[in-house]
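Please examine the structure below alongside its sequence. The paragraphs that follow lead through it one part at a time.

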Amino acid sequence: MTPDRSPFFFPAKILRCAALWAALTLAPQAAFAQEPEGRLRLTSRSGSLSLTGSFLGYDGRYLRIATEHGELTLPLASVICEGADCPDPETWVPELRLSGAGRLGELVLPALVEGYARARGWEPARIETDDGHALYSLALPRETEGAEETDAAESAGRERLRISFRLTSTDDGFADLLANEADMAMAERLLDAEELSLARDAGLGRLDAPGRLQLVGLDALVPVVAPGHDLRALSLSQLSRLFAGEIADWSRLGGAAGPVRLHLEAGTSGQMQGFEALVIEGMGRALSEEVIRHPDAAALAEAVAADPGAIGMLPFGQLGATQPLALSGPCGLRSTARPETVSTGDFPLTLPLVLYRPMRRLPDAAEAFLGWIATAEAQLVLRRAGVTGLAPIPIPIEDQGARLAGAVLSAGEDVGLADLQRMLETLDGHQRLSTTFRFEAGEAVLDAVSRSRVVQLAQSIRDGRHNGDALLLAGFSDGRGGPVANQDLSLDRATAVRAAVLSLLGGALPPGVTLDVAAFGEAMPMGCDDSATGRGINRRVELWVAPLD
C-alpha cells in the first residue's frame, strides 16, 4: 500500500484546464461586462482573454471554480476576479462545511470543536441558523475581559475559523459532497461500492483511500432489553431472526412467554443502515414491518427500558437504563461491548465514525483542526462524549483469560498444543494495544478503516510516542482453508501492515523503536467462523508492545 496523494494532486482534467489557463495568461487584455449573479469572470493580470465559471471554493490562496472545461483550481493572486462571489483575502474567514450523520454533528464533532478552541485559546460561539444547520465561530478572545465589541469589523477580524454543520444523514451528507454543498461528509457507516464509484465519477477521488477517509472514533450497536430481563446473550443469527420477525415470542429463546416488540432509530440513521445491511440483509432476511421507530437514541432507550417485551439496538455510549446483551456464537465465544472490545473491533457490531473528504484543498486552519482530532487531548474529549476514540488502550496478556480460554477450547486438529505454546511464548512479556487491522476475505488487503489506522500508527511512531518500544504485529486468520495456508496468509497480513507503515515513514524506522512480525494462523479466534461477521473479526493483525531491550 502506498500513501495517499498529496493535497496538491490534481486529476488530468484539472491539469488540462490549468494548461488552458496558462495559455490565456499570455493573451492581450480586453474589457469585460459584469457577470450575472453567482458567476465569476477571471482575467489574467497580463492578458485580456478571460474565463467564466461558478464559484466552488477558496482556501486562502487557491480559488476553485466550475467551468465549461471542468473544475479548475488556481492562485487567486494571479488573476483579476469579478463577480459577487469573488473572495476578498482581507476579510475572508476560513470555513469548513460538514454535512451528514446526526450523531457526529450533534454530539461528537461539536465537542471536538469546543475542545479545539480551548486548546488554541480561542472563544467558540455556536450560532443556530435554520433547521438542520449550526455554525461555530472560533475567534481570538477580546483584549479586555468582559469588553463588548462595538464594531462588526472588529468581530470579523478576531475570527479564525468557521465550522458549519448540516445535520441530516449519512446518505444526505454524501449527496451534499457530490453537489459541492459540503467540504466533508460525516458518516456512521462505510460508503458502499456504488457510492464510492459515484464519487470517483464525480471527480472526488477514491474516498476510501488513506487521507480521504478520516477515522474520528469507533462506536458500536448493542442489543438491549429492559432491566431484569432473563436474557443475557444472543447470537447474530438470533438477532437477525428477531428483527426479521421470525422469532415473535421470547419463549423461543428460553425466556418467559410474551410477544417481542422491536425498536430501532429512524431509518435515515447511518448506524441503523449499517445494522440492516450487516445483520438483516447480510443474513438473507428483510427487516420486519413491525419495527417501532424512534427519533433518537434517548427516546429509544427510554421506550425499551419501560417495556419488558422490548428489544432495541443502541449506540454503545447511549445505553441509558437498558440492559445490554452480549453477542455469542455456537463455537462458545461470547463478546461484550466494552471500551477495549470496541476499540479493537472485536465486538461484532463495531461501527466506525468517519469523515469523508474529496480530493480538494482545504484552508490551513481547517487542516489544523482535522489534524488535532488524532491528538491525545482530542481523545479525552471523545471519551467524555461517550465515544471510543483512537488512542490505543493497553490490554495486558493476564487480562485476556477469556481469549486464551477460547483459543484452547476451539483448538482442534489444525491447531495443536504446540501451536498454542509457540504463540504464548512469542507474546510473553508483551501487552496488546487495541490498535487492530483487518482484511478482505482470503487476501492481505487492508480494509478501508484499517488503512486509516496504518496512517495513525505511522504518525505515532514518527511523533516519538513509541520510542523505547519493541512493537510486534501478530497476524491471524479465520478458520477457512488449511492450516499451512492460513499460517502463510496471517504472515502475509502482518508483513503487509509492516510494509505500509515503513512506506509512510520513508522506508525506515526512527532510532529507538522496532517493528517485527509474527503469525499464528487460526490459533486465537475472536469470533465464530459460522458467520461472515465472525470470520471478518478473525482476519486481523494485532499490535503488541514490550520494552525494547
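In this predicted model, the count of disulfides comes to one. A disulfide is a covalent bond that links the sulfur atoms of two cysteines. Here the partners are Cys 81 and Cys 86, whose sulfur atoms lie 2.0 Å apart. The link of Cys 81 and Cys 86 is left-handed, with -90° about the S-S bond.

Attention may now turn to a pair of helices. Helix H6, covering residues 236-243, and helix H7, covering residues 270-280, have axes that come within 9 Å and cross at roughly 115°. Angles of 65 to 115 degrees count as roughly perpendicular, and H6 and H7 are therefore roughly perpendicular to each other. Their crossing is left-handed. On the side of H6, the contact is made by Leu 236, Leu 239, Ser 240 and Phe 243, and on the side of H7 by Phe 275, Val 279 and Ile 280. Sorted by class, the contact of H6 with H7 has six nonpolar residues, one polar residue and no charged residues.

Further along the chain there is a sheet. Strands of a sheet pair through backbone hydrogen bonds, in either a parallel or an antiparallel manner. This open sheet is formed by five strands in the order S20-S21-S24-S22-S23, with mixed pairing. Strand S20 (394-396) and strand S23 (513-519) are the edge strands, each pairing on one side only. On average, neighbouring strands of the sheet are turned by 35° against each other, direction ignored. Within the sheet, strand S22 (residues 469-476) and strand S24 (residues 540-547) run antiparallel and are joined by eight bridges. Gly 475, for instance, has Val 541 in S24 as its bridge partner.

Two helices lie across strands of this sheet. Helix H14 (residues 448-462) lies across strand S21 (431-438), S22, S23 and S24, and runs at about 135° to S21. Helix H15 (residues 483-504) also lies across S21, S22, S23 and S24, running at about 160° to S23.

How do H14 and H15 pack, and at what angle? Their axes are 9 Å apart and the angle is about 55°, which makes H14 oblique to H15. The crossing of H14 and H15 is right-handed. From H14, Val 454, Val 455, Leu 457, Ala 458, Ile 461 and Arg 462 meet Val 497, Ala 500, Val 501 and Leu 504 of H15. The residues of this contact of H14 with H15 divide into nine nonpolar, no polar and one charged.

Technical notes:
Residues are numbered from 1 along each chain as its sequence is written. This is a predicted model: local features need pLDDT of at least 70, side-chain atom pairs count only at pLDDT 80 or more; totals for chains, interfaces and linings use all residues. Side-chain values use heavy atoms; hydrogens and water are left out. Two strands pair if DSSP finds at least two bridges between them. Helices (H or I, at least four residues) and strands (E, at least two) are DSSP runs, numbered from the N terminus. Axes are lines fitted to C-alpha atoms, for helices over the stretch in contact, and angles run from 0 to 180 degrees between N-to-C directions. Contact means heavy atoms within 4.5 Å. Angles under 35 degrees count as roughly parallel, over 145 as roughly antiparallel, 65 to 115 as roughly perpendicular and the rest as oblique. A crossing is left-handed if the near helix is turned anticlockwise from the far one by less than a right angle, and right-handed if clockwise. Ala, Val, Leu, Ile, Met, Phe, Trp, Tyr, Cys and Pro count as nonpolar, Asp, Glu, Lys and Arg as charged, and the others, Gly among them, as polar. A disulfide is a pair of cysteine sulfur atoms within 2.5 Å.
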